[in-house]
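Please read these points with the model open.

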Amino acid sequence: MADRHGEGGGPDEPAAPPPRPLDAIDHDILRMLQADGRASIRSVAERVHVSRANAYARINRLVEDGVIRGFGARVDHERAGHGTSAYITLKIVQNSWRTVRAELRKLPGASHIALVGGDFDVLLLVHTPDNRALRELVLSRLQAIPEVLSTRTLLVFETEDLEPQG
């Protein structure tokens, strides 16, 4: 699933279109689709009190504008064979974000990558089959990236996906 969020629109990346204001109906549609990405156009239209054509046009506009980045399944990683999850913080060489990000995207089990401000530069969420695979990923793959200065691994004991308020 492509993700333009946080890309920065540098010379090697197309800039996202400027955001259009969203109205209350757009926000209602977003909440519905976050709760159930498989909701039919008909059910969306009925719940937000617009015609099917209007609902269809609004969803298409939200996709085209990059507000909706895609549709997917929420995965229980443990049941899918990846029982170990960890957030890994990375300190990286200054101005190496794009290079590091390209390498992190290749990692097996990488689920989320964020450039952040604070005591570290990058926050990475990974899912691996077990602790041995996590250790291998950190020691052999992450620390082998030349621009990575240091890592810190935070083992996840339990998670909860928060459903949209609505």
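1. Axes here are lines fitted to C-alpha atoms, for helices over the stretch in contact, and angles run from 0 to 180 degrees between N-to-C directions. Helices (H or I, at least four residues) and strands (E, at least two) are DSSP runs, numbered from the N terminus. The model is predicted: local features need pLDDT of at least 70, side-chain atom pairs count only at pLDDT 80 or more, and totals for chains, interfaces and linings use all residues. Residues are numbered from 1 along each chain as its sequence is written, and side-chain values use heavy atoms, with hydrogens and water left out.

2. Helices H2 and H3 have axes that come within 8 Å and cross at roughly 105°. The two are therefore roughly perpendicular to each other (angles under 35 degrees count as roughly parallel, over 145 as roughly antiparallel, 65 to 115 as roughly perpendicular and the rest as oblique). From H2, Ile41, Arg42, Val44 and Ala45 meet Arg52, Ala55, Tyr56 and Ile59 of H3, where contact means heavy atoms within 4.5 Å. This contact of H2 with H3 has 6 nonpolar, no polar and 2 charged residues. For these classes, Ala, Val, Leu, Ile, Met, Phe, Trp, Tyr, Cys and Pro count as nonpolar, Asp, Glu, Lys and Arg as charged, and the others, Gly among them, as polar.

3. H3 (residues 52–64) also packs with H1 (residues 24–35); their axes come within 11 Å and cross at roughly 80°. H1 and H3 are therefore roughly perpendicular to each other as well. On the H1 side the contact involves Ile25, Asp26, Ile29, Leu30 and Leu33, and on the H3 side Arg58, Ile59, Arg61 and Leu62. By class, the residues of the contact of H1 with H3 are 6 nonpolar, no polar and 3 charged.

4. What is the strand order of the open sheet? Its 4 strands run S2-S3-S1-S4, with antiparallel pairing (two strands pair if DSSP finds at least two bridges between them). S2 and S4 (148–156) stand at the edges with a single partner strand each, so one side of each lacks a neighbour in the sheet. From one strand to the next the twist averages 20°.

5. S1 and S4 pair in the antiparallel sense over 8 bridges. Within S4, Ser150 stands opposite Lys91. H5 packs on the sheet, where H5 touches S1, S3 and S4, and its direction makes about 15° with that of S1.

6. H4 lies across S1, S2 and S3 and runs at about 170° to S2. Which residues of H4 (residues 97–105) are buried? They are Trp97, Val100, Arg101 and Leu104 (buried means under 20% relative accessible area, exposed over 50%, partly exposed in between, with a 1.4 Å probe and protein chains only). These cover an arc of only 100° around the axis, which puts them on the same side of H4; the arc is that of the directions from the helix axis to the C-beta atoms. The buried residues of H4 pack against S1 (84–92), S2 (110–115), S3 (122–128) and H5 (131–142).

7. His49, in the loop between H2 (41–48) and H3, has a positive phi of about 60° although it is not a glycine. His49 is exposed, with a relative accessible area of 71%. Asn95 lies in the loop between S1 and H4, and its phi is near 65°, a positive value in a residue other than glycine. Asn95 counts as exposed at 77% relative accessibility.
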